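Work through the following exercises with the sequence and the model in view, and try each task before reading its solution.

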Amino acid sequence: MSETATHECIVCDSDRPLRHERQSTEFDIRGEVVVVDLPVKVCEECGTIEEEEGVDPANMAFAEYRTRKGLLSPEQIRNLRKQYRLSQRSLAVLLGMSEATVNRYEGGGLQTPAHDTAIRACENGDFVCSLLQQHGGKLSKWQRKRVKAALEGQTRPQSKLARALERLEAPKEPNVLNGYRHFDRLRYAALVVWLCRQLPLVTATSLNKLLFYADFLHFKAESVSLTGAAYRRVQHGPVPSEYGDLRQFMESEGFVRTKEVEYQNGHTGEEFHPGPEAGQLGVTFSAREAKTLDAVASALKDCTPSEIRKRSHQEAAYCETGDGELIAYDKAAELSLSVPG
Ligand SMILES: [Zn+2]
């Protein structure tokens, strides 16, 4: 079936057959002639030419000019920024640009040669390190931590992580701080993967609290934790005591992957998803453990990360523990969640 597309021609003022064409168009960019084959639609009746919707002629010309001059593409700029887990604002602060400028470049605007050089220099982690030393004070504490972690992730030797994990799994007496279970990193990773699969959204904000609920609820029901992780009270809520090392372990093994997302309010966050190796974990939860997990999912699946955080702040286990201290599992008795009969 051949179909003749019609559209309302602005000159004929009614629906007309149209054909799609490419029209060679000249642009003057910084004193140079740039020729672009612009996609256009032509009215078969009167010959009027209109731009195709969704095509930005200037952006096409900029792309051509960038290729000619060897300038970074908008995607390259964005990827470079994300490599260091910087927001647009933070990259702008470090490089002495405005946030609007970085936003424009990532959206297809044409960068100045000087800005291109400055952004490209960030390919070198040492350069970003020195920017951080000079201007890091102007970033939020949270953002500073993220860049530093990203820089460390690039250079941190794997052996350091291995030693941290060994310490974590070193035999400890089952006690009230590990929920009377020896810590097992694979069970921990399996729990994270399970949460990522069962809940519509797992973020950096919600993950630590979800783990806390799963471990503490299982202790409440069965007098033993799920993973053997110890949890610490910090300002943001209860967190597994070595969650940074554990995250690095899970990511480097491909059990989970994280994705940076930008929200409409300009904030950035991270989402957790099962990684390509998640199927290789080889951990199965018992029927009783699955009951605990189902109870956590059904109670919290519709809560936003900030609702989960707020709820965790009201738990006796959190309220009755000093700041920075490990949370005793026996406080799980008063947890606001229960495993149904
Ligand atoms: Zn027409």
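The domain assignment, which is automatic or taken from a database, gives domain 1 (11-69), domain 2 (74-155) and domain 3 (160-334). Residues are numbered from 1 along each chain as its sequence is written. The model is predicted, and local features need pLDDT of at least 70, side-chain atom pairs count only at pLDDT 80 or more, while totals for chains, interfaces and linings use all residues.

**Exercise 1.** Describe the open sheet, its strand order and its edges.

*Solution.* Begin with the strands, which are DSSP runs of E with at least two residues, numbered from the N terminus, just as helices are runs of H or I with at least four. Four of them form an open sheet in the order β1-β2-β3-β4, with antiparallel pairing, where pairing requires that DSSP finds at least two bridges between two strands. Next, look at the edges: β1 (6-8) and β4 (49-51) each have a single partner strand, so one side of each has no neighbour in the sheet.

**Exercise 2.** Find which residues of α3 and α4 meet.

*Solution.* First locate α3 (residues 88-95) and α4 (residues 99-106). Then apply the contact criterion, that C-beta atoms, placed from the backbone, lie within 7 Å: Q88, R89, L91 and A92 in α3 meet E99, T101, V102, N103 and E106 in α4.

Technical notes
Axes fitted to C-alpha atoms, helices over the stretch in contact; angles between N-to-C directions. Contact = placed C-beta atoms within 7 Å.
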